[in-house]
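This report is meant for a reader who is meeting the structure for the first time. Please look over the sequence and the structure before reading on.

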There are 2 protein chains.
Amino acid sequence: MRVGSAVSPKVLKGFRDLLPDEEIERALLVEKLTVALRQMGFVPIDTPALEYTEVLLRKSEGDTEKQMFRFVDKGGRDVALRFDLTVPLARFVATHYARLYFPFKRYHFAKVWRGEKPQMGRYREFTQCDFDIVGSDSVCADFEILKSIRHMLYMAGAEHIRIHVAHRGLFDRFLRALSLSDQAEHILRIIDKRAKMAPHVLTAQLESLCDPVRVQKIMTYVSAGEVDGVAPSFEHTLSAIETLTGGVSEESTRLRKIYELLCAVNIQSSYVFDPSITRGFDYYTGMVCETFLTQLPHIGSVCSGGRYDHLTALYMKDAVSGVGASIGLDRLYAAFQQLGMSREHVCFVQALIFCQDSALMDVYQKLCSYFAVQVATEVFPDPRKLSQQYAFAEKKGIRWGIFVEQRNAVVEDCLLVLRDLSTRKDTRLPAHEVRRRMAAEG
Amino acid sequence: MRVGSAVSPKVLKGFRDLLPDEEIERALLVEKLTVALRQMGFVPIDTPALEYTEVLLRKSEGDTEKQMFRFVDKGGRDVALRFDLTVPLARFVATHYARLYFPFKRYHFAKVWRGEKPQMGRYREFTQCDFDIVGSDSVCADFEILKSIRHMLYMAGAEHIRIHVAHRGLFDRFLRALSLSDQAEHILRIIDKRAKMAPHVLTAQLESLCDPVRVQKIMTYVSAGEVDGVAPSFEHTLSAIETLTGGVSEESTRLRKIYELLCAVNIQSSYVFDPSITRGFDYYTGMVCETFLTQLPHIGSVCSGGRYDHLTALYMKDAVSGVGASIGLDRLYAAFQQLGMSREHVCFVQALIFCQDSALMDVYQKLCSYFAVQVATEVFPDPRKLSQQYAFAEKKGIRWGIFVEQRNAVVEDCLLVLRDLSTRKDTRLPAHEVRRRMAAEG
């Protein structure tokens with residue numbers, strides 16, 4: 001142990017600790033999302049935090065490398081911390097192809113690391129909650145991902161949501177007709193940032209890529225999901241886009257089928273067709289989606305995803321397709337905080353036995369075991385000032401305080417004072433009556 | 001996307017993927033351990049995977065550095081992946097001292113990384129399940145950790161356990177009396193590896209440090225917890241050790257008090273006093289413990305820990321003490337596998353609706369929503385061969401198969417075939433009857 005040369009207990013820039021109050025709520029949120037996915041047939045996997053850099057890096061993504069925590073390990077290997085869960089999923093499917101059953105519906109909630117410039121609410125280490133269906137080209141799989149998003153958020157308590165759906169193939173078709181396929185990547189990136197730009201900035205950026213007439217057409221396309229600031233029906237927008245893309249197409253038919261399935265199970269009111277959703281360039285090839293909390297639209301999408309047809313192409317000959325989405329836990333949690341949806345004190349223990357005399361520790365512990373059968377109980381371990389013990393109970397959010405008034409060889413007959421810590425009301429009762437009352441009142 | 005130059009989808013040496021069957025069981029095990037700790041008043045925290053190297057490194061631990069995944073990040077900082085959860089806990093307590101309430105009972109289940117030589121069953125990335133009580137010197141805190149170990153393992157289904165307890169201070173006192181304090185570190189390390197050595201090797205190693213007479217005394221000390229291969233009573237061993245250490249001492253009195261509390265709540269039969277438990281040199285200063293599954297003693301301790309009086313000494317003036325233990329999830333999980341305690345197929349979904357005709361997808365989805373209210377159900381998304389769909393259901397461990405025989409505008413009146421996939425028995429029923437039956441049979 002170092003002596004006299006204290007090390008500052010500081011955390012790396014962009015990283016953070018989570019204290020119990022927040023970590024408890026995040027854990028409960030994750031549990032709800034997990035239950036929702038399990039109910040729909042998704043199963044968990046795990047992959048290493050650290051992988052070969054060449055496994056994680058895809059040629060087209062120069063930006064990715066800049067954000068990676070990459071280094072040479074002691075065995076001379078070029079390695080990096082994963083920056084998302086989709087690339088490891090692709091690698092995982094290629095590695096274990098023969099052992100998996102398809103369609104493979106997996107969820108993976110885990111940390112990822114990106115050396116981004118830290119900003120308000122953005123960290124270099126964060127948790128992603130990914131769920132994907134791999135190995136099915138079916139409309140049904142697209143539908144299931146869209147349905148899962150709603151189910152998960154409902155289970156987590158967020159019912160005021162709107163899921164914006166589009167199809168990358170439709171936009172590609174549209175740009176092809178405008179002879180803008182070569183600029184597609186840039187245009188998609190600009191459109192993806194649309195919500196953060198003033199209209200004239202957006203127009204100016206697009207005009208750097210093509211003439212004003214085509215810019216106007218692009219603006220018409222991306223605005224088709226909004227009439228006078230309101231989203232028209234899915235069907236209405238779809239018809240408008242079909243008109244703009246030369247009529248009914250394979251892609252528009254697929255979107256229509258997805259919508260019919262949403263209608264079949266009567267959840268269509270949570271979905272709109274929003275042609276401005278592009279998800280940047282990314283790896284998406286089909287349906288894409290973003291999810292907004294209608295009470296907090298400005299925080300951006302809390303769950304985004306889409307279909308990608310070449311998931312495993314980097315690692316194996318058989319390109320396996322997939323469709324999936326990802327919840328950013330930080331953003332969702334922050335939103336729930338803003339909406340007042342988190343309880344101030346989640347506490348797993350209902351009762352605290354106060355320690356007034358160390359010599360009574362055996363009685364305290366006997367009582368604790370006696371209560372614990374029905375009511376989670378803990379013992380304060382030291383005979384500290386009562387004010388300290390009260391502060392402990394209050395900070396933890398414990399409901400009941402218990403004081404031993406008179407010990408008894410028969411534990412259930414010990415005479416106790418039961419204090420309701422919220423009202424400070426005391427009641428003098430034998431232990432068996434205390435247990436009964438706490439269990440009844442919860 | 002790279003074309004024509006496939007990247008091998010390989011995983012780093014010493015790292016691994018977890019496939020659904022294993023990951024499900026590990027997740028359920030973790031959930032049980034979590035519930036047990038929450039019931040006892042422990043709360044979760046989280047800390048970064050990556051920290052400043054100087055925060056993680058303690059001067060005395062040259063070996064630690066060799067095992068670290070350490071590198072210079074793009075901002076020029078010397079950083080490393082955490083190799084345990086105790087050092088980050090110490091840093092966390094120092095960082096947030098003013099905001100925490102003491103005794104601070106936290107659990108932290110998370111990945112840690114060590115560049116050890118990979119061996120059978122040992123990985124470079126693994127999960128530790130730590131729980132500690134920080135800021136109490138009380139006997140009660142020592143007792144609570146010992147009680148928690150038993151409670152967690154019982155909740156996880158392991159009732160045949162024996163928790164070996166000792167006190168580092170007693171052994172230190174003994175070595176002092178033999179004038180061997182200077183060799184204490186080496187002796188403790190040798191004794192810690194005792195279970196893996198033949199007796200003559202152990203003796204030889206000790207004789208390299210001191211004369212045969214004292215070696216014999218050390219052997220007597222460490223064997224006091226075993227008489228003819230059987231553990232005598234806690235009290236009996238404690239008396240023997242008191243005799244060897246010059247009578248009743250502060251440390252022996254403390255151990256006796258711990259034992260009295262175990263007796264008070266009637267769980268003493270799970271505990272033995274085993275003077276050979278030293279936990280290497282480490283940071284322990286008081287009670288130490290290891291936990292063995294009595295049916296699989298040779299796999300070693302599944303949960304180890306102890307009291308350390310100088311937890312935060314590296315980072316702050318006020319040395320805060322703590323007591324805690326850690327479950328190695330890999331070892332515990334492997335043990336449960338060996339004991340046949342894991343179910344072969346844990347499945348979260350009870351029913352699969354088979355896809356025989358894509359045109360019926362809306363019916364399948366309506367039925368799925370109708371069933372899901374009571375029975376977790378999924379739809380096979382593609383009209384693949386039935387044999388493939390059966391294989392999917394079987395690999396996943398799904399109990400019921402559902403086939404649509406005749407659609408109906410009223411979903412609950414659709415005529416279905418319900419197949420028990422374990423017995424292959426078919427029953428022709430309307431949907432409402434299928435739901436009722438599945439819900440009743442579970």
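The model discussed here is predicted. Leu188(B), which has its place in helix 7 (residues 184-192) of chain B, has a relative accessible area of 0% and therefore counts as buried. The C-alpha atom of Leu188(B) is separated by 62 Å from that of Arg419(B), a residue 231 places away along the chain.

## The nonpolar core

The largest nonpolar core has 308 residues, and those with the most contacts inside it are Phe131(A), Ile218(A), Phe131(B) and Ile218(B). Leaving aside residues up to four places away in sequence, the residues that Ile218(A) touches include Phe171(A), Phe174(A), Leu175(A), Leu178(A) and Ile187(A).

## Where the two chains meet

The size of an interface is often given as the accessible area lost when the parts come together. For chain A and chain B this buried area is about 9,100 Å², of which carbon and sulfur atoms give 62%. The contact takes 104 residues from chain A and 104 residues from chain B.

Across this interface there are 30 residue pairs in polar contact, counting those with both residues at pLDDT 80 or more. The largest share of the side of chain A that touches chain B, eight residues, comes from helix 1 (residues 20-39) of chain A. By class, that side of chain A has 55 nonpolar, 14 polar and 35 charged residues.

## Salt bridges between the chains

Over all chains, the structure has 68 salt bridges, and 12 salt bridges are found across the interface of chain A and chain B. In one salt bridge, Asp17(B) pairs with Arg91(A), the closest N and O atoms being 2.7 Å apart.

Another salt bridge joins Arg38(A) and Glu31(B), with the closest N and O atoms 2.9 Å apart. This pair crosses between chains, from helix 1 of chain A, which holds Arg38(A), to helix 1 (residues 20-39) of chain B, which holds Glu31(B). Arg38(A) is buried, at a relative accessible area of 9%, whereas Glu31(B), at 35%, counts as partly exposed. The side chains of Asp46(A) and Lys111(B) also meet in a salt bridge, at 2.6 Å from N to O. That pair crosses from the loop between strand 1 (43-44) and strand 2 (50-52) of chain A, where Asp46(A) lies, to strand 5 (residues 104-113) of chain B, where Lys111(B) lies. Asp46(A) is buried, with a relative accessible area of 11%, while Lys111(B) is partly exposed, with a value of 21%.

## Salt bridges within a chain

In chain B, the side chains of Glu116(B) and Arg122(B) meet in a salt bridge of 3.3 Å, N to O. Glu116(B) is buried, with a relative accessible area of 16%, and Arg122(B) is partly exposed, with 36%. In chain A, a network of salt bridges links Asp137(A), Asp142(A), Arg254(A), Arg307(A) and Asp309(A).

## A buried glutamate facing chain A

Glu378(B) lies in strand 13 (residues 377-379) of chain B, and its relative accessible area of 2% is the reason why Glu378(B) counts as buried. The side chain of Glu378(B) makes a polar contact of 2.7 Å with the side chain of Lys105(A). Among the residues that Glu378(B) touches, not counting those up to four places away in sequence, are Met40(A), Gly41(A) and Lys105(A) from chain A, together with Val349(B), Phe392(B) and Ile398(B) from chain B.

Definitions and conventions: Residues numbered from 1 in each chain as written. Chains lettered and ligands numbered in written order. Predicted model: local features only at pLDDT ≥ 70, side-chain atom pairs only at ≥ 80, totals over all residues. Heavy atoms only, no water. Helix = DSSP H or I, 4+ residues; strand = E, 2+ residues; numbered from the N terminus. Buried < 20%, exposed > 50% of the residue type's maximum accessible area, 1.4 Å probe, protein only. Polar contact = N/O pair within 3.5 Å; in protein donor to acceptor, adjacent residues only side chain to side chain. Contact = heavy atoms within 4.5 Å. Buried area = accessible area lost by both parts, 1.4 Å probe. Salt bridge = Lys/Arg side-chain N within 4 Å of Asp/Glu carboxyl O. Nonpolar A, V, L, I, M, F, W, Y, C, P; charged D, E, K, R; others polar. Core = buried A, V, L, I, M, F, W, Y, C linked by side-chain atoms within 4.5 Å.
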